[in-house]
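Trainee: I have a structure open and would like to go through it with you. Shall we begin with the contacts?

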Amino acid sequence: MLYRYLADSAEHRRDYIGVVPHSAALGLEIKAAELNRCVLRLPFRAELADHHGGLANGPVTALLDNAGGVATFCALDAPTDYSTLSLRVEFISAPAAGADVYARVECVRVVGRQAHIRGVADCGGPDAPGEPFATVAGVFFLKPDGKPLRDFGALGNV
């Protein structure tokens, strides 16, 4: 399973995020990757904050979208191209002011060319979830004409 690629190496986790310029610019970090699930961290930066002092909805949505992609990757037997088909984010409350945000997302089902994900965002820690302030549900489309990776050094294809 592909999750072992990310689970076994901090360097591979950095490389995976680094190939997506938007993810790298936000400073996203894969904190955990296991079969069908992942934990991503979005570090607090003042320029990404809203007027209440917590991270704004846009960066949090990007975090949850990326976590859905990583969870999808961790659910696949072989790498292939995929993209977000639908994503629904429900904000229950605002994130804590000045706090890092963690996305905890799982891929609950892969059927045909669709991968279904669900998860939460919180301000806990990598191993200690906090109270969720947002939920996510989505579908990722596994592209039929996507070229599977021949080697893991070409992660720009994922």
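Mentor: This is a predicted model. Of the contacts in the protein chain with a separation of 6 or more, 61% join residues 24 or more positions apart.

Trainee: Which residue pair could illustrate that, and how far apart are V39 and G119 in space?

Mentor: V39 and G119 lie 80 residues apart in sequence, and their C-alpha atoms are 9.7 Å apart.

Trainee: Where is V39 placed?

Mentor: V39 belongs to strand 2, which covers residues 37–42.

Trainee: Is V39 buried or exposed, and why?

Mentor: V39 is buried, because its relative accessible area is 11% and the cut-off for buried is under 20%.

Trainee: Which residues does V39 touch, leaving out those up to four places away in sequence?

Mentor: V39 touches E29, I30, K31 and A32, together with Y102, A103, R104 and P126.

Trainee: Turning to the whole chain, how many helices and strands are there?

Mentor: The protein chain has four helices and six strands. Their order along the sequence is α-α-α-β-β-α-β-β-β-β.

Trainee: What is the radius of gyration, and what would a compact globule have?

Mentor: The protein chain has a radius of gyration of 15 Å; this agrees with a compact globule of 158 residues, for which the value would be near 15 Å. The C-alpha trace spans about 45 × 30 × 25 Å along its principal axes.

Trainee: What share of the residues is buried?

Mentor: Buried residues account for 44% of the 158.

Conventions:
Residues numbered from 1 in each chain as written. Predicted model: local features only at pLDDT ≥ 70, side-chain atom pairs only at ≥ 80, totals over all residues. Heavy atoms only, no water. Helix = DSSP H or I, 4+ residues; strand = E, 2+ residues; numbered from the N terminus. Buried < 20%, exposed > 50% of the residue type's maximum accessible area, 1.4 Å probe, protein only. Contact = heavy atoms within 4.5 Å. Rg over C-alpha atoms; globule rule 2.2 N^0.38 Å.
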